[in-house]
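Student: I have a chain open on my screen and would like to talk it through with you. Could we begin with the overall fold and then pick out one part?

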Amino acid sequence: MDDTPRRPMRADARRNYERLLAEAEALIAERGTGASLEEIAKRADVGIGTLYRHFPTREALLETLLRERFDALGARATGLLDAPDPLDALLEWLRAFTRGTRVYQGLAESMLAALRDEESELYASCHGMRDAGRALLVRAQRAGTVRADLTALDMFVLANAIAWAAEALPEDAGIGERFLTFLVEGIRLGDAGAGQGAR
């Protein structure tokens, strides 16, 4: 991580940055994470070079748009560590996670790709999401309610797959909740035995 203090933006640069973010959010919400960066720049009334100065990659732009949502999901996971039922707490967080992943079309796929690419601007955020749910998973495993051989990465990938399915079949409004139910039934402790927690 680069800890070098950043110089404050000039007023015109700040305006460009804020316009780019506003137009990016609108266009990505409309067309998904593959939306044209050139069109985002055009809508913001700046050149593509200005966009790249603020956001060197598509993933950097997505990370900026999603940072508050990711932080909120992390805080939600921390807050749920005191919930009385560990399995219910895990399910509540998974619901919030899958809803958040559906905020932009194509986001679930982008996040899965970022998991495998350490150079991606989304890599740290995606692993942060996995780690946010890890503590809830470990707590449920130690309570003996979730199978011990499930890893945090397994759970993250499965939750992303549910979000992708809900995105691919928007006409089926209940698919996300049904698939989450299937997921919970699949990870609920059976013959695996209680373990020491997720890897």
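Student: How many helices and how many strands are there in the chain?

Tutor: This is a predicted model, and in it the chain has nine helices and zero strands, so that reading along the sequence gives the pattern α-α-α-α-α-α-α-α-α.

Student: And what box do the C-alpha atoms fill?

Tutor: Taken along the principal axes, the box is roughly 60 × 45 × 30 Å. Of the 199 residues in the chain, 44% count as buried, and among contacts between residues at least 6 apart in sequence, 69% join residues at least 24 apart.

Student: Let's turn to H5, then; which of its residues are buried?

Tutor: The buried residues of H5 are Pro86, Leu87, Ala89, Leu90, Leu91, Trp93, Leu94, Ala96, Phe97, Thr98 and Thr101.

Student: What covers them?

Tutor: The cover includes helix H4 (58-80), helix H6 (107-115), helix H7 (123-142), helix H8 (152-168) and helix H9 (175-187).

Student: What caps the N-terminal end of H5?

Tutor: Asp85 does, with a side-chain oxygen that lies 2.9 Å from the backbone nitrogen of Leu87.

Student: How far apart are the end C-alpha atoms of H5, and what span should its residues give?

Tutor: They are 22 Å apart, and because the 16 residues of H5 (residues 86-101), at 1.5 Å a residue, should span 22 Å, the two values agree.

Student: Switching to charge, how many positive and negative side chains does the chain have?

Tutor: There are 26 positive and 32 negative side chains, and the centres of the two sets lie 3 Å apart. As for the surface, the accessible area of the chain comes to about 10,900 Å², of which 50% belongs to carbon and sulfur atoms.

Note on methods
Residues numbered from 1 in each chain as written. Predicted model: local features only at pLDDT ≥ 70, side-chain atom pairs only at ≥ 80, totals over all residues. Heavy atoms only, no water. Helix = DSSP H or I, 4+ residues; strand = E, 2+ residues; numbered from the N terminus. Expected span 1.5 Å × (residues − 1). Buried < 20%, exposed > 50% of the residue type's maximum accessible area, 1.4 Å probe, protein only. Contact = heavy atoms within 4.5 Å. Polar contact = N/O pair within 3.5 Å; in protein donor to acceptor, adjacent residues only side chain to side chain. Areas by Shrake-Rupley, 256 points an atom, 1.4 Å probe, with all protein chains shown as cover. Lys, Arg positive; Asp, Glu negative; His and termini not counted. Charge placed at Lys NZ, Arg CZ, Asp CG, Glu CD.
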